[in-house]
Amino acid sequence: MFDGQRWAAVRAAACLLKGSAMKYKSNHVRWLALLGALLLMLAACGSDDSDASDDSSADVTSGDSTDGEGASGDSNGGSDGNVLAGVQDAGVVRCGTRDALPGFSVLEDDGSHVGFDADFCRVIAAAVLGDAEAVEFVDLETEARFTALQSGEIDVLVRNTTWTASRDGVEAATFLQPNFYDGQGMMVATDSGIEDLDGLAGAVVCVAAGTTTEGNVANEFARLGLDAPEIQSFEDTDLIQEAFQQGRCDGWSSDVSQLASLRSDYPDGPDALTILDVVFSKEPLAPAVLDGDSEWAQVVNWAIFATIQAEEFGITKANVDDFLDSDDPSVMIFLGQAGEDGAVVDPGLGLPVDFAYQVVAQVGNYGEIFDAHLAPLGIERGLNQLWSDGGLLYSPPYR
Amino acid sequence: MNAAQRPPPWRDVRVRKWAFQMTVLIVVLIAVLYVWSNYQTNSQASRVPTGFDFLDQPANFPIAGSDFRTTQPVKDALGVGVANTLRASIAGIVLATLIGTLVGIARLSKNWLVSKAAGVYVETLRNTPLLILVIFAYLAVALRLPPVSEAATPLPGFVASVRGIGVPWYRIDGSGWPVAGVLLAALLAAIAVRRWRLHINERSGARAHTAWWMAGTIVAVAVVGQLALGTPISGSLPRVDGRMVIGGAVMSPEMFALLTALTLYTASHIAEIVRGSIQAVPKGQGEAASVLALSNGQRMWYVILPQAMRIAVPPLANQYLNLTKNSSLGVAVSYMELTKVSRTAIANASPAIPMLVVVLSMYLVLSIAISLLTNLLNRRLKVVER
């Protein structure tokens with residue numbers, strides 16, 4: 001009784017199915033026909049799928065021609081492999097940081113991000129977009145940082161990240177000019193009377209999980225031939241602090257800059273903690289971008305060099321405008337200003353010619369950024385001085 | 001059969017059943033293929049390794065509470081993680097079953113205070129997120145134990161401090177194989193004695209007392225073995241040595257926190273299962289037991305509980321699975337179980353997605369093993385229907 005008109009539309013849609021089914025008398029053949037039709041659909045969907053991926057790789061090749069890397073860089077979360085173009089289109093740099101590292105990046109009550117790493121995100125934004133505030137800060141846990149980079153959730157990672165060979169390789173990250181040369185140290189309670197690593201043999205050392213820190217401690221004690229301490233690694237710093245206060249561990253190991261910042265925040269006052277005078281690892285903290293887009297890597301690199309070069313020239317946020325008519329041609333080239341004959345040097349990095357000016361005018365030079373965020377924690381310049389002062393900061397020339 | 005009498009295919013029940021299932025299957029397959037190919041394409045494009053070679057790479061991190069060396073491969077680290085997961089899970093399952101059964105029975109008590117106290121316990125713990133319980137047990141209990149220099153000894157042989165909680169344990173000197181051999185011999189002897197007692201019981205009607213006889217046999221064989229092998233098993237008491245608690249069996253505050261939270265939380269669920277199962281035993285069974293002049297304890301032990309157990313086993317199995325999987329919350333307090341070890345490995349340059357695949361399959365194997373064991377138990381307890 002339902003046969004006929006009411007089902008006309010359905011019947012029309014299923015004409016192929018019905019047509020083939022009606023031809024055969026046997027039920028089994030009908031089943032086979034149905035199965036066959038569904039398989040055809042699957043095959044059709046399958047080939048659609050491969051067509052789509054062909055299309056996208058074609059896009060990548062055409063969009064990526066500037067750096068000659070072919071189809072290698074198409075993982076920037078939907079943009080077509082050219083991160084610089086993607087950033088310029090979006091008008092914002094997505095920068096991976098951590099909201100709870102005093103001195104490096106802290107989320108303030110008013111929603112602003114304050115710190116050394118946060119300022120280097122601004123440096124990149126000022127260089128690429130001419131606007132230091134065009135940064136989207138992405139808060140990343142230690143374990144999530146490389147995944148965020150690989151998935152294209154962020155454009156650049158400036159998050160206290162040590163440059164190591166295996167991260168360069170396995171994590172598919174390209175590390176750039178380190179913005180902070182750090183080293184791992186050890187902190188103990190002042191009243192424990194421990195003065196060196198010997199005093200920690202067979203003790204308990206707490207470290208933050210998800211870093212190279214755990215391995216470094218174990219390797220250092222092995223190198224010194226001391227009894228290995230028990231190394232207890234915690235997921236977050238607040239938990240270590242609580243555990244340390246309750247006497248769970250004798251030592252607290254992290255990068256020296258970190259220890260200084262944690263010590264400054266310690267509930268019992270900074271004097272309750274002593275940072276031992278040992279540094280047992282090299283920890284160059286460097287910004288990282290994803291492998292496969294060397295143009296973007298260069299851009300980030302030169303933005304960081306700009307802060308170093310500015311300090312070398314003595315250019316600060318306050319006096320940068322005085323340098324706009326400098327007699328020194330290399331300063332004029334650095335700031336992207338026209339020389340005596342009205343010609344502007346464009347190094348062809350894909351950046352505005354005055355990117356260094358924007359960096360210094362909006363954020364400041366390396367020394368200013370350091371003094372604003374790290375000096376108050378009691379961290380000394382140490383290795384992070386200009387090469388001319390005996391440090392490691394050395395910028396290639398801007399010409 | 002005339003083709004005209006059959007309904008058209010879109011109304012034919014048999015066709016519709018098939019078509020629907022095939023469609024679902026195909027959609028699922030397409031979704032899985034899409035996700036997999038997406039992952040492969042993106043990983044290759046960004047040159048992230050996708051294989052499992054990393055398992056043989058040196059781990060380069062230590063594991064607290066084990067003698068794992070940083071130069072050992074990642075797969076050994078995962079092995080330590082699985083061992084720690086099993087340790088917490090097995091201890092948790094045993095303790096939660098004991099506490100849960102007692103609380104479940106207590107909830108049915110006619111004593112007002114006992115039943116209300118059990119009710120409060122169940123309702124508070126059952127309605128609290130486990131993660132909060134774990135963190136609470138760590139911050140508010142485990143870390144508040146006295147510092148190691150002032151370690152408490154609540155009972156002789158027990159040590160409690162923030163560096164670890166020590167209980168008396170045994171120690172095997174030399175190889176464990178002879179000891180294992182003696183234990184096996186004791187077990188076989190006990191089984192033989194049981195058969196002998198049952199045989200006597202059938203012949204003469206004298207009570208078999210199999211449990212006593214078996215226990216006695218095991219103890220006797222074990223004592224003889226211990227003397228014959230030159231006392232390989234000795235007791236070991238925990239003590240504070242410098243900055244650590246050593247000897248005995250020492251539980252780290254992290255494991256203590258995880259185990260306490262897992263046990264109390266799961267016990268609250270098990271209590272409800274036990275209560276429900278007891279109430280599901282027909283009332284007439286208890287009344288019949290009373291008529292036969294069994295005491296309250298005897299009624300519970302011989303009549304009600306054996307029948308309740310049959311009902312309880314399948315949902316209990318579920319709780320055991322949950323407990324095992326929930327042990328991954330050890331991450332929150334840095335207990336080095338499987339999930340925590342894998343996270344540490346990922347942070348030390350093991351690729352994230354292949355590592356997660358490995359960890360997922362390990363949890364799958366653990367869960368399937370527990371399922372098999374409980375299914376076996378269920379089959380044994382099942383009412384034999386004729």
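This is a predicted model: local features need pLDDT of at least 70, side-chain atom pairs count only at pLDDT 80 or more; totals for chains, interfaces and linings use all residues.
Strand 10 of chain A spans residues 204–208. Four of its five residues are buried, so strand 10 is largely enclosed by the rest of the structure. Two pairings of this strand were examined. Strand 10 runs parallel to strand 11 of chain A, residues 230–234, and five bridges join the two. Within this pairing, A:Val204 stands opposite A:Glu230. Strand 10 also pairs with strand 12 of chain A, residues 251–255. Here the sense is again parallel, and the pairing extends over three bridges.

A separate sheet in chain A is open and has three strands. Its order is 2-3-4, and the pairing is antiparallel. Strand 2 (100–101) and strand 4 (113–114) stand at the edges. Each has a single partner strand, so one side of each is left without a neighbour in the sheet. Strand 2 is joined to strand 3, residues 105–107, by two bridges. These two strands run antiparallel. A:Leu101 has A:Ser105, in strand 3, as its bridge partner.

The surface of chain A carries a negative patch. Its members are A:Asp321, A:Asp322, A:Asp325, A:Asp327, A:Asp328, A:Glu340 and A:Asp341. A:Glu340 was examined individually. This residue lies in the loop between helix 12 (329–335) and helix 13 (355–362) of chain A. A:Glu340 has a relative accessible area of 84%. The cut-off for exposed is over 50%, and A:Glu340 is therefore classed as exposed.

B:Leu86, B:Ile90, B:Val94, B:Leu95 and B:Leu98 form a nonpolar patch on the surface. Together they have about 430 Å² of accessible area. One of these residues, B:Leu95, is placed in helix 2 of chain B, residues 74–107. B:Leu95 is partly exposed, with a relative accessible area of 35%.

Another leucine of chain B, B:Leu125, is placed in helix 3, residues 112–126. Its relative accessibility is 13%, so B:Leu125 counts as buried; the cut-off is under 20%. B:Leu125 was also compared in position with B:Ala261. The two are 136 residues apart along the chain. Their C-alpha atoms are separated by 9.4 Å.

Terms used:
Residues are numbered from 1 along each chain as its sequence is written. Chains are lettered from A and ligands numbered from 1 in the order in which they are written. Side-chain values use heavy atoms; hydrogens and water are left out. Patches are made of residues with over 30% relative accessible area and no salt bridge: like charges are joined within 9 Å, nonpolar side chains (Val, Leu, Ile, Met, Phe, Trp, Tyr) within 5 Å. Accessible areas come from the Shrake-Rupley method with a 1.4 Å probe; for residues, only the protein chains shown count as cover. A salt bridge is a side-chain nitrogen of Lys or Arg within 4 Å of a carboxyl oxygen of Asp or Glu. Lys and Arg count as positive and Asp and Glu as negative; His and the chain ends are not counted. The place of a charge is taken as NZ of Lys, CZ of Arg, CG of Asp or CD of Glu. Buried means under 20% relative accessible area, exposed over 50%, partly exposed in between (1.4 Å probe, protein chains only). Two strands pair if DSSP finds at least two bridges between them.
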